[in-house]
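User: I would like a close look at a single part of this protein. Please take the sheet and what surrounds it, and keep it brisk.

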Amino acid sequence: MKEKNKTVKELIKRMKGRYEMGRFQDKVAIVTGACGGTGRWVSKILAEEGAKVVMVDIDEERGNAFVDEITSNGGTAIFMKTDCTKGEAIKATVDAAAEK
């Protein structure tokens with residue numbers, strides 16, 4: 001696992017050199033599965049790029065902890081507890097995110 005993380009970190013460094021930072025500045029990004037490894041990583045990168053991140057998951061405790069992590073590093077994020085297996089819940093989350 002450490003080898004995989006090392007590879008991902010190297011990839012991020014190379015990508016940051018190729019792209020203009022802040023390309024998601026002031027855009028809203030909804031990340032589902034935000035409490036999982038990939039969702040957390042994507043949320044963090046989007047916040048670093050200036051996005052206002054809406055982290056969506058069913059694990060409220062972890063979600064709020066990740067929001068605190070992002071905001072303490074200068075990013076903008078909120079958590080919305082949502083069961084993404086329910087279409088009505090997804091629509092309600094998108095509508096609520098649009099209002100914020």
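**The sheet and its surroundings**

Analyst: In this predicted model, Ile30 stands opposite Val54 in S2.

S1 and strand S2 (residues 52-57) run parallel and are joined by 5 bridges. Strands of a sheet pair through backbone hydrogen bonds, either parallel or antiparallel. Here the sheet is open, has 3 strands and shows parallel pairing, in the order S1-S2-S3. S1 and strand S3 (76-81) are the edge strands, each pairing on one side only. From one strand to the next, the twist averages 20 degrees.

Now the helices that pack on the sheet. H3 touches S2 and S3, and its direction makes about 175 degrees with that of S3. H4 also packs on the sheet, touching S1, S2 and S3. The direction of H4 makes about 150 degrees with that of S3.

Where do these pieces sit in the chain? The protein chain has 4 helices and 3 strands. From the N terminus on, its elements run α-β-α-β-α-β-α. Contacts between residues 24 or more positions apart make up 52% of those with a separation of 6 or more.

Next, the surface. Ile30 returns here, with Val28, Ile90 and Val94, in a nonpolar patch. Together the four have about 310 Å² of accessible area. Val94 is the H4 member to look at. Its relative accessible area is 39%, so Val94 counts as partly exposed. A patch residue needs over 30% relative accessible area and no salt bridge, so on accessible area Val94 clears the cut-off.

Helix H4 also carries a charged pair. The side chains of Lys91 and Asp95 meet in a salt bridge, 2.9 Å from N to O. Both residues lie in helix H4, 4 residues apart, about one turn of the helix. Lys91 is exposed at 53% relative accessible area. Asp95, at 35%, is partly exposed. Side chains of opposite charge can pair when their charged atoms come close.

How many salt bridges does a search of the whole structure find? It finds 2. Glu69 is partly exposed, with a relative accessible area of 32%. Arg40 is partly exposed too, at 33%.

One more residue deserves a look, on the way into S1. Asp26 sits in the loop between helix H1 (2-18) and S1. Its phi is near 65 degrees, a positive value in a residue other than glycine. Most residues other than glycine have a negative phi. Asp26 is exposed, with a relative accessible area of 54%.

Finally, the chain as a whole. Of its 100 residues, 29% are buried. The chain exposes about 7000 Å², and carbon and sulfur atoms supply 53% of that.

Notes
Residues are numbered from 1 along each chain as its sequence is written. This is a predicted model: local features need pLDDT of at least 70, side-chain atom pairs count only at pLDDT 80 or more; totals for chains, interfaces and linings use all residues. Side-chain values use heavy atoms; hydrogens and water are left out. Patches are made of residues with over 30% relative accessible area and no salt bridge: like charges are joined within 9 Å, nonpolar side chains (Val, Leu, Ile, Met, Phe, Trp, Tyr) within 5 Å. Accessible areas come from the Shrake-Rupley method with a 1.4 Å probe; for residues, only the protein chains shown count as cover. Helices (H or I, at least four residues) and strands (E, at least two) are DSSP runs, numbered from the N terminus. Buried means under 20% relative accessible area, exposed over 50%, partly exposed in between (1.4 Å probe, protein chains only). Two strands pair if DSSP finds at least two bridges between them. Axes are lines fitted to C-alpha atoms, for helices over the stretch in contact, and angles run from 0 to 180 degrees between N-to-C directions. Contact means heavy atoms within 4.5 Å.
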